[in-house]
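The paragraphs below take up the helix contacts and then the pocket.

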Amino acid sequence: MAALYGIGVWKAKDAAGYLTYHNGIYHTGHIEGDLTTEDIRAAAHAAGEDALNAVGHAPVLEKNDALAQALGLTGTPGLIVMPVEST
């Protein structure tokens, strides 16, 4: 649920708002499954977003999850370093 709402915060408040939301979620000290709706609402409120809307974001998360599994990523953050050629 937190990830679904996080996408909404990103869309409404851009990267700076999402960073505030993200940090608020981690600041709760609750691990996966222990986050409450109040935790999520408080983090979103701190980011300046009070209208939580998770509608339509599930396909994005499912696509990201499938990609992470295909790449063998087992946790977050997952970092991928691509080769870069200078011209």
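H1 and H3 pack with their axes 9 Å apart and at an angle of about 115 degrees, where axes are lines fitted to C-alpha atoms, for helices over the stretch in contact, and angles run from 0 to 180 degrees between N-to-C directions. That makes H1 roughly perpendicular to H3, a term that covers angles of 65 to 115 degrees. In this contact, Ala 3, Leu 4 and Ile 7 of H1 meet Ala 58, Val 60 and Leu 61 of H3, contact meaning heavy atoms within 4.5 Å. By class, the contact of H1 with H3 has 6 nonpolar, no polar and no charged residues; Ala, Val, Leu, Ile, Met, Phe, Trp, Tyr, Cys and Pro count as nonpolar, Asp, Glu, Lys and Arg as charged, and the others, Gly among them, as polar.

The model is predicted, and local features need pLDDT of at least 70, while side-chain atom pairs count only at pLDDT 80 or more and totals for chains, interfaces and linings use all residues. Residues are numbered from 1 along each chain as its sequence is written, and side-chain values use heavy atoms, with hydrogens and water left out.

The protein has 3 helices and 0 strands, helices (H or I, at least four residues) and strands (E, at least two) being DSSP runs numbered from the N terminus. Along its principal axes the C-alpha trace spans about 45 × 30 × 25 Å.

H1 also meets helix H2 (residues 37-46), the two axes coming within 8 Å and crossing at roughly 70 degrees, which makes H1 roughly perpendicular to H2. On the H1 side the residues in contact include Tyr 5, Val 9 and Tyr 21, and on the H2 side they include Asp 39, Ile 40 and Ala 43. The residues of the contact of H1 with H2 divide into 9 nonpolar, 2 polar and 1 charged.

The largest pocket holds about 1,400 Å³ of space. A pocket is, on a 1 Å grid over the protein atoms alone, an open set of points where a 1.4 Å probe fits, with protein on both sides within 12 Å along at least five of seven lines, and lining residues have an atom within 4 Å of a point; the volume is the space filled by probe spheres set on the points, which are joined across faces, edges and corners. Of its 33 lining residues, the closest to the centre are Ala 3, Tyr 18, Tyr 26, Leu 61 and Thr 76. H1 gives the largest share of this lining, 10 residues.

Key: Angles under 35 degrees count as roughly parallel, over 145 as roughly antiparallel, 65 to 115 as roughly perpendicular and the rest as oblique.
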